[in-house]
Amino acid sequence: MACRIILASQSPRRRELLTQVGLSFDIVVADVDETVWENERVDAYVQRVATTKALTIAQHYPDALVIAADTIVCIGDEILGKPKDYQDARRMWLQLSGQRHQVKTTVVVAHSNRLLHDTVSTTVSFKDLSEAEMLQYWQTGEPQDKAGAYAIQGRAAAWVKHIEGSYSSVVGLPLYETLQLIADAQSDVSQQNF
């Protein structure tokens with residue numbers, strides 16, 4: 001019997017990605033504090049937040065398989081979060097303009113008292129951005145709630161010269177790695193039942 005799958009995210013992008021590969025799942029949003037701790041390293045941050053989301057939901061649904069993820073945009077050691085306003089977004093875009101940056105997504109699968117995780121890092125190269133392009137993009141409303149103030153699957157696709165790594169991870173959920181973790185979690189449980 002297949003177990004219930006829960007996506008611990010309100011992200012429409014993650015929902016669309018899982019639907020795209022044919023998974024049936026419920027959504028239960030994990031409300032967790034995503035504040036970066038002082039001196040917290042990029043990889044530690046993204047793994048901590050994704051793990052906290054998974055554990056928050058798993059404790060309420062112990063028989064379900066819970067999928068949680070967190071995606072960040074970083075340039076060097078600086079995490080570029082969701083913009084507070086246009087000036088904050090512009091500051092980020094000026095850092096990204098004509099440069100390569102990293103998008104990291106940690107996906108965590110919690111199932112039967114086990115926690116499996118993987119962090120996927122993708123390099124994204126942006127073209128040089130003009131003031132007009134930045135202002136026009138802000139006015140679309142698209143970047144307001146996005147890490148790094150852009151959506152690769154939206155209008156900001158026109159800014160991307162090249163990516164190295166997982167496109168779906170930049171969107172918000174590395175599909176290959178997520179499906180592998182689900183298979184591993186379900187395989188471990190079926191072996192325990194023999």
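A residue is called buried when its relative accessible area is under 20%, exposed when the area is over 50%, and partly exposed in between (1.4 Å probe, protein chains only). These legends describe a predicted model, in which local features need pLDDT of at least 70, side-chain atom pairs count only at pLDDT 80 or more, and totals for chains, interfaces and linings use all residues. Residues are numbered from 1 along each chain as its sequence is written, and side-chain values use heavy atoms, with hydrogens and water left out.

**View 1. Tyrosine 137 and tryptophan 159 are both buried.**
A pair of aromatic rings is described by the distance of the centres and the angle of the planes. Rings of Phe, Tyr and Trp (its six-membered ring) pair if their centres lie within 6.5 Å; planes under 30 degrees apart count as stacked, over 60 as edge-to-face and the rest as tilted. The count by this rule is 8 aromatic pairs. In one of them, the ring centres of tyrosine 86 and tryptophan 93 are 6.3 Å apart and the planes stand at 65°, so this pair is edge-to-face. Tyrosine 86 and tryptophan 93 are both buried. For tyrosine 137 and tryptophan 159 the centres are 4.9 Å apart and the planes are at 70°, so this pair is edge-to-face. The pair links distant parts of the chain, with tyrosine 137 in helix 4 (residues 131-139) and tryptophan 159 in the loop between helix 4 and strand 7 (160-164), 22 residues apart. Helices (H or I, at least four residues) and strands (E, at least two) are DSSP runs, numbered from the N terminus. Ring pairs join Tyr86, Trp93, Phe126, Tyr137, Trp138, Tyr150 and Trp159 into a cluster.

**View 2. Arginine 48 lies over the face of tryptophan 37.**
The distance from the ring centre is 3.8 Å. A charge sits over a ring if NZ of Lys or CZ of Arg is within 6 Å of the ring centre and within 35 degrees of the ring normal.

**View 3. Cysteine 3 is partly exposed, while cysteine 74 is buried.**
The relative accessible area of cysteine 3 is 24%, and that of cysteine 74 is 1%. A disulfide is a pair of cysteine sulfur atoms within 2.5 Å. The model has 0 disulfides by this rule.

**View 4. The largest pocket holds about 870 Å³ of space.**
Rolling a probe the size of a water molecule over the atoms shows where empty space is left. On a 1 Å grid over the protein atoms alone, a pocket is an open set of points with protein on both sides within 12 Å along at least five of seven lines, whereas a cavity is a set of points where a 1.4 Å probe fits but cannot get out; lining residues have an atom within 4 Å of a point. Grid points are joined across faces, edges and corners, and a volume is the space filled by probe spheres set on the points. The lining of the largest pocket has 39 residues, and Glu34, Thr71, Lys82, Asp145 and Ala147 lie nearest its centre. Helix 1 (12-20), helix 2 (42-58), strand 3 (65-75), strand 4 (78-80), helix 3 (86-96) and helix 5 (167-171) each supply at least two lining residues. Strand 3 gives the most, with 4 residues. By class, 19 lining residues are nonpolar, 7 polar and 13 charged. Ala, Val, Leu, Ile, Met, Phe, Trp, Tyr, Cys and Pro count as nonpolar, Asp, Glu, Lys and Arg as charged, and the others, Gly among them, as polar.

**View 5. Asparagine 39 and alanine 149 each have a positive phi.**
Most residues other than glycine have a negative phi, and most peptide bonds are trans. Asparagine 39 has a phi of about 60° and is in the loop between strand 2 (26-27) and helix 2. Its relative accessible area is 71%, so asparagine 39 is exposed. The phi of alanine 149 is near 60°; alanine 149 lies in the loop between helix 4 and strand 7. With a relative accessible area of 0%, alanine 149 is buried.

**View 6. Glycine 172 lies in the loop between helix 5 and helix 6 (175-192).**
Glycine 172 is buried, at 3% relative accessibility.
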